[in-house]
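Look at the sequence and the structure below.

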Amino acid sequence: MLRYARSSLASASVALGILAALTQSATAQAWEPTKPVEFIVPAGTGGGADQMARFVQGVVAKHGLMKQPMVVINKPGGAGAEGFLEIKGANKDPHKIVITLSNLFTTPLGTGVPFNWKDLTPVGMLALDQFILWVNSEAEFKSAKAYLDAVKVGDDRKFKMGGTGSKQEDQIITVALERLTAPKKMTYVPFKGGGDVAVQLVGKHIDSTVNNPIEAVAQWRAGSLRPLCLFDAKRSTYTEKVTKDMAWSDIPTCKEAGIDVEYQMLRGVFGAPGISKEQVAFYVDLFRKVAATEDWKDYMEKGAYNQTMMSGDQFVSLFV
Amino acid sequence: MDDIASLMGGFAVALSWYNVFLMMIGILLGVIIGVLPGLGGANGVAILLPLTFSMPPTSAIIMLSCIYWGALFGGAITSILFNIPGEPWSVATTFDGHPMAQKGRADEALTAAFTSSFVGALFAVIVITFLAPLVAKFALRFGPAEFFSVQFLTFASFIGMGRGSAPKTIASMCLGFALAAVGLDSVTGQLRMTFGFTDLLKGFGFLIAVIGLFGIGEMLNSMEEGLEFKGADGKLRLNAVLRTWAQLPRYWFTSLRSCLIGCWMGITPGGATPASFMSYGLAKRFSKQGDAFGKGTIEGVVAPETAAHAAGTSALLPMLTLGIPGSPTAAVLLGGLLIWGLQPGPLLFVEQKEFVWGLIASMYLGNIAGLIVVLTCVPLFAAILRVPFSIIAPAIMVICAVGAYTVNNAMFDVWVMVAFGIVGYTFNKLGYPLAPLVLALVLGDQAESSFRQAMLISQGSVTIFFSNALVASIMSLGLLMLFWPLLGSLLGTMRGAPRKVVGAKQ
């Protein structure tokens with residue numbers, strides 16, 4: 001089993017921390033922000049995390065969920081290390097929160113920056129972002145198996161996989177796929193953002209990508225890209241048609257396609273080290289309210305996010 | 001003709017009182033944002049984005065895009081008056097705009113800048129209106145190798161424009177490359193040259209460097225030269241606009257070339273900053289008065305401003321049709337589209353006709369409104385130079401510091417700005433040109449990653465840069481530009497003519 005996501009995320013303490021926070025939120029709120037809240041994005045503008053943070057900001061402002069304004073600040077330096085160090089340094093400052101992506105785990109490993117996710121106070125998980133194996137719709141490969149077989153028989157490094165950044169989630173998945181095509185490898189080409197990657201695939205400068213749904217959905221709907229398989233244990237629950245004849249739920253899982261690779265990305269929120277339970281409770285409640293809005297549900301569907309983790313029991317079973 | 005009907009429909013949408021009101025607000029806010037260095041268009045739009053969530057999507061995008069147009073206009077103001085580029089794409093405007101202001105011709109420079117901006121934008125909007133689908137397909141042909149060839153062409157067309165000696169130009173450029181390499185290497189994911197300082201993780205921001213090199217450096221120079229603005233004795237001339245307009249038609253060819261460069265760079269998406277540099281470089285190379293460049297010629301203001309605005313405007317096209325932003329501001333607008341429930345991408349033109357054509361119509365109207373607003377303010381802006389230096393200099397220093405801080409919300413950047421200010425002053429004293437350093441700093445990073453991506457794809461073979469007609473022709477053009485001075489003098493010798501320097505390094 002290639003369960004990279006699980007092993008890197010598999011930390012009961014995170015899960016329990018978040019779970020504890022979720023259950024606590026029922027208690028009366030004793031704390032509220034007294035000045036604008038900085039929502040730090042450890043990535044550049046326009047990416048998945050940035051979009052989500054700005055979306056949350058929009059929902060909070062539109063529905064008046066917080067008396068103080070929420071301000072989104074991008075700190076993309078050093079693969080997000082800049083943002084994480086900022087919040088790590090903001091000890092006991094309740095007016096700073098950070099949205100996380102896989103770089104919460106991969107950045108300290110890849111760059112050696114003195115930072116560990118355990119330094120932060122977990123607030124909650126917003127959703128799990130999916131990954132899908134995409135090829136150009138004019139490519140001959142109709143299934144994930146066919147594509148990987150082609151990699152296996154082709155010349156070493158002939159096939160190019162595009163992805164966001166280096167030593168981050170996209171490359172981790174690529175390495176996982178390469179275990180199945182051994183000894184042949186793919187050439188991993190890192191780009192700046194997920195949107196760029198999707199367009200490079202449309203322009204046939206690369207052979208495949210593992211874009212998040214939201215990064216590639218527009219090109220899929222326009223008929224330029226073809227999804228091969230979803231890196232999740234179960235198919236997506238969104239059954240509404242996205243293209244003329246396909247819904248997210250029509251994309252087979254990679255396991256169904258004979259490729260035993262799963263990967264999902266935590267889209268979570270963390271607070272500064274040492275903030276109080278009341279302060280955590282405020283944010284937990286805030287994000288609950290955000291998640292209850294129609295806007296949020298729409299947004300989740302557009303990006304085919306996996307929302308099942310929002311409820312307690314399944315959440316624990318996934319992590320433990 | 002379908003498009004014309006749709007566009008007229010768009011005008012009907014954009015011309016409602018509410019939308020026109022938002023348009024004016026947007027332009028004014030944009031000009032202010034453009035004037036303040038550091039608080040760039042992207043930041044400004046991001047800060048104001050939440051305000052628009054309760055508006056209908058069309059009104060919201062009209063206001064936000066007008067902020068963007070305003071910022072494009074506003075960036076030129078401080079470049080010309082104080083040699084401080086408010087926006088990265090205004091750097092090239094300082095090369096001739098500021099010398100003009102020093103000669104007391106600030107009003108002419110401002111008028112030329114604003115008018116050229118308008119012409120560039122108008123050209124780009126017309127391209128968007130009629131060629132959108134065609135142009136979007138062209139953008140898809142740009143892979144890493146093509147991007148590198150464009151960046152190479154930018155360097156090549158710019159080389160030799162330094163006023164210093166060739167070795168000094170090269171030294172300055174190399175320093176720029178070295179500074180651009182600091183931070184995370186996007187290809188290997190390794191940190192480079194940070195020496196364990198976490199503040200260096202994000203590398204040296206282009207804007208911070210520019211605020212320091214140009215803004216602070218200029219202040220230090222002015223202080224040394226006697227605590228007053230050169231050009232302060234420039235008379236206030238209310239007919240400056242008309243007089244400048246009378247001169248502009250002479251530069252129609254420069255203008256057209258800059259429009260084309262701008263549109264091309266905006267769409268591919270190379271961005272407004274390289275577009276302005278490339279356009280300036282080419283204008284200097286091919287102008288009859290090439291030697292006057294850098295000393296305050298109108299043509300040197302026209303070229304970069306036209307290209308920057310054309311690029312800035314056409315950068316919205318890939319955002320709308322492909323969902324890839326051609327500029328940082330477009331990236332923030334892209335986030336906005338999602339929040340308003342719109343899906344940018346190839347189907348936007350089909351599914352959201354009213355929105356798209358409303359936006360395109362607002363590009364026409366917003367730019368006209370912007371031109372009127374900024375032109376009426378020309379005498380006012382030019383009058384700022386009459387304020388005594390001792391009063392305005394501290395204010396500029398503060399604005400620079402605030403600007404540098406705003407880029408990343410980091411105090412460290414303010415110190416970096418001061419350090420760059422000293423570098424700028426020293427360079428000036430020693431006769432090293434700043435432009436190559438700035439160019440290398442802004443493009444070095446991108447050029448490096450495009451080159452290495454291309455090398456990964458081709459598995460190390462440089463033939464990829466000549467693998468198809470598109471990339472091969474851009475590369476050849478770049479090589480031709482690079483060796484032009486050499487070829488020129490060679491041809492001259494062969495003909496036995498007296499060695500006339502054709503666009504050679506000064």
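## Strands β4 and β10 of chain A

In this predicted model, strand β4 of chain A is joined to strand β10 (residues 265-271) of chain A by 7 bridges, and the two strands run antiparallel. One of the bridge pairs can be named: Asp129(A) has Met265(A) of β10(A) as its partner.

## The sheet around them

β4(A) and β10(A) belong to an open sheet of 5 strands in chain A. The order across this sheet is β2-β1-β3-β10-β4, and its pairing is mixed. The edges are formed by β2 (70-74) and β4 (121-129) of chain A. Each edge strand has a single partner strand, so one of its sides has no neighbour in the sheet. On average, neighbouring strands of the sheet are turned by 20° against each other, with direction ignored.

## Chain A as a whole

Chain A contains 12 helices and 10 strands. Of its 320 residues, 56% are buried. Among contacts in chain A with a separation of 6 or more, 78% are between residues 24 or more positions apart.

Helix α12 of chain B covers residues 272-286, which is 15 residues. From its first C-alpha to its last α12(B) reaches 21 Å, close to the 21 Å expected at 1.5 Å a residue. Is α12(B) largely enclosed by the rest of the structure, or left open? It is largely enclosed, because 13 of the 15 residues of α12(B) are buried.

Helix α11 (residues 252-267) of chain B is a neighbour in contact with α12(B). The axes of these helices come within 9 Å and cross at roughly 150°. Angles over 145 degrees count as roughly antiparallel, and α11(B) and α12(B) are therefore roughly antiparallel to each other. The crossing of α11(B) past α12(B) is right-handed. On the α11(B) side the contact is made by Thr254(B), Arg257(B), Ser258(B), Ile261(B), Gly262(B), Met265(B) and Gly266(B). On the α12(B) side the residues include Ala272(B), Pro274(B), Met278(B) and Leu282(B). As background, an α-helix has 3.6 residues a turn, so residues three or four places apart point the same way.

## Where the chains touch

The contact between the chains takes 43 residues from chain A and 44 residues from chain B. Several elements of chain A each supply at least two residues of the side that touches chain B, among them α3 (48-63), β2, α4 (81-89) and β7 (187-191). Which element gives the most to this side of chain A? It is α3(A), with 8 residues.

Note on methods:
Residues are numbered from 1 along each chain as its sequence is written. Chains are lettered from A and ligands numbered from 1 in the order in which they are written. This is a predicted model: local features need pLDDT of at least 70, side-chain atom pairs count only at pLDDT 80 or more; totals for chains, interfaces and linings use all residues. Helices (H or I, at least four residues) and strands (E, at least two) are DSSP runs, numbered from the N terminus. The expected span of a helix is 1.5 Å times one less than its number of residues. A residue is buried if 20 or more other C-beta atoms lie within 10 Å of its own, exposed if 12 or fewer, and partly exposed in between; C-beta atoms are placed from the backbone. Two strands pair if DSSP finds at least two bridges between them. Axes are lines fitted to C-alpha atoms, for helices over the stretch in contact, and angles run from 0 to 180 degrees between N-to-C directions. Angles under 35 degrees count as roughly parallel, over 145 as roughly antiparallel, 65 to 115 as roughly perpendicular and the rest as oblique. A crossing is left-handed if the near helix is turned anticlockwise from the far one by less than a right angle, and right-handed if clockwise. Two residues are in contact if their C-beta atoms, placed from the backbone, lie within 7 Å.
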